[in-house]
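I opened this notebook to look up pockets, a cavity, a helix pair and some backbone angles. My entries follow the order in which I checked things.

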Amino acid sequence: MNYGLSEELEAIRQTARQFARERLLPAYRETERQGRLDRGVVREMGALGFIGTNQAERHGGAGLDYLTQGLICEEIAAGDFNYSYVPLAGTLIADMLVQGGRPAVIDAWVPPIGGGEALAALGLTEPEVGSDAGHLRTRAERDGEHYVINGEKTSISLSDQADVAAMFVRTNGDDPGPRGVSAFLMPLDVPGVSRTRMQDLGSHAVGRGSLFFEDARVPAENMIGEENKGFSQVMVGFDFSRALIGLMCIGVAQASVNETWGYVSERKAFGSPIVRFEGVSFPLAEAETMLEAARQLCYKTLWLRDAGQKHTSEAAKCKWWPAPCRP
């Protein structure tokens, strides 16, 4: 593994950092107060290549790698954590589509998602089973050229803002386990779909809520992959999305540490900046060490994915350590 970044990769990171500092950070509090993402800002992110960076150019991406996408998520989160969710979800769902979607559906949705013209959500979690993809209760039944979906998804990010969702539902009623789950790309403006929003303590601009489906119809061609094999698709996607989430949390934590360094370097006590006192500087030095270790774990996970190597174990470690921002 090469620990140095190429000039191209460093330039992309600097571009994302500048965008986060100049475009996102100054408006962070107002964005939180409004409780919605600014679609104009999302389109700017798409135009700069910050969403779906790893997708091929024919699909509207930049043809780069997962590590690059991780660096972008980290930098965007340092400016506004809310907006870093857009490339996270966009990358995850665009990947699912490109790998298992029908050509017409790929062409219709992947470029808009990558370009910031459409917001995508992940429809997995349910009230009774959480994110246990092997025991979902929302069902889809075949009806000619469509599937009819009934059920509820909850704790869904972008629940009231997303244009489309990658839905995981049960298509084999006789099999209660993971083999009976299928994935669909579900437009959320069709009859039979309703939404609610929760009142959370943070990330108001992304928002979180429930999606309800009452005889909502989705074209059969919108199925992602093969019928009854959606479980394996979501688990493969989680292997890299956990590293992206880890880097998003690290971006926020690093921004906090940086601000603290600035404050303690200016704040004086007993005639000198308090940063000179070991009780102040040592905990910060420890935080820097932990952040760097967590960052490298996430980078390694994405590097392994780019190299086509197994990375499930590393992804699980990213979920345990960097994602919760453990000190």
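**Entry 1: leucine 158**

The model is predicted, so I noted the limits: local features need pLDDT of at least 70, side-chain atom pairs count only at pLDDT 80 or more, and totals for chains, interfaces and linings use all residues. Residues are numbered from 1 along each chain as its sequence is written, and side-chain values use heavy atoms, with hydrogens and water left out.

Leucine 158 sits in the loop between strand 3 and strand 4 (164-170). I take helices (H or I, at least four residues) and strands (E, at least two) as DSSP runs, numbered from the N terminus. Its phi is near 65°, positive in a residue other than glycine.

**Entry 2: asparagine 228**

I found a positive phi of about 70° at asparagine 228, which is not a glycine either. Asparagine 228 lies in the loop between strand 8 (223-224) and helix 7.

**Entry 3: the cavity**

I searched on a 1 Å grid over the protein atoms alone: a cavity is a set of points where a 1.4 Å probe fits but cannot get out, a pocket is an open set with protein on both sides within 12 Å along at least five of seven lines, and lining residues have an atom within 4 Å of a point. Points are joined across faces, edges and corners, and a volume is the space filled by probe spheres set on them.

I got one cavity of 30 Å³ or more. The largest cavity has a volume of about 50 Å³. Its lining includes Leu158, Tyr85 and Ile113. Helix 5 gives the largest share, four residues. By class I read nine nonpolar, one polar and no charged residues. Here Ala, Val, Leu, Ile, Met, Phe, Trp, Tyr, Cys and Pro count as nonpolar, Asp, Glu, Lys and Arg as charged, and the others, Gly among them, as polar.

**Entry 4: the pockets**

The largest pocket holds about 850 Å³ of space. I listed 31 lining residues, with Tyr85, Leu88, Leu122, Ser157 and Ile245 nearest its centre. Helix 5 (81-100), strand 3 (146-157) and helix 7 (230-266) each supply at least two residues of this lining. Helix 7 gives the largest share, eight residues. The classes are 17 nonpolar, nine polar and five charged.

The second largest pocket has a volume of about 710 Å³. Of its 32 lining residues, Glu74, Ala78, Gly251, Gln254 and Ala255 lie nearest the centre. Helix 7 again provides the largest share, seven residues. I read 13 nonpolar, ten polar and nine charged residues in this lining.

**Entry 5: helix 7 and helix 8**

Which angle do the axes of helix 7 and helix 8 make where they cross? I got roughly 155°, and the axes come within 9 Å. Axes are lines fitted to C-alpha atoms, for helices over the stretch in contact, and angles run from 0 to 180 degrees between N-to-C directions. The two helices are therefore roughly antiparallel; the cut-offs are under 35 degrees for roughly parallel, over 145 for roughly antiparallel, 65 to 115 for roughly perpendicular, and oblique for the rest.

The crossing of helix 7 and helix 8 is left-handed, that is, the near helix is turned anticlockwise from the far one by less than a right angle, with clockwise being right-handed. Their contact residues divide into 19 nonpolar, six polar and four charged.
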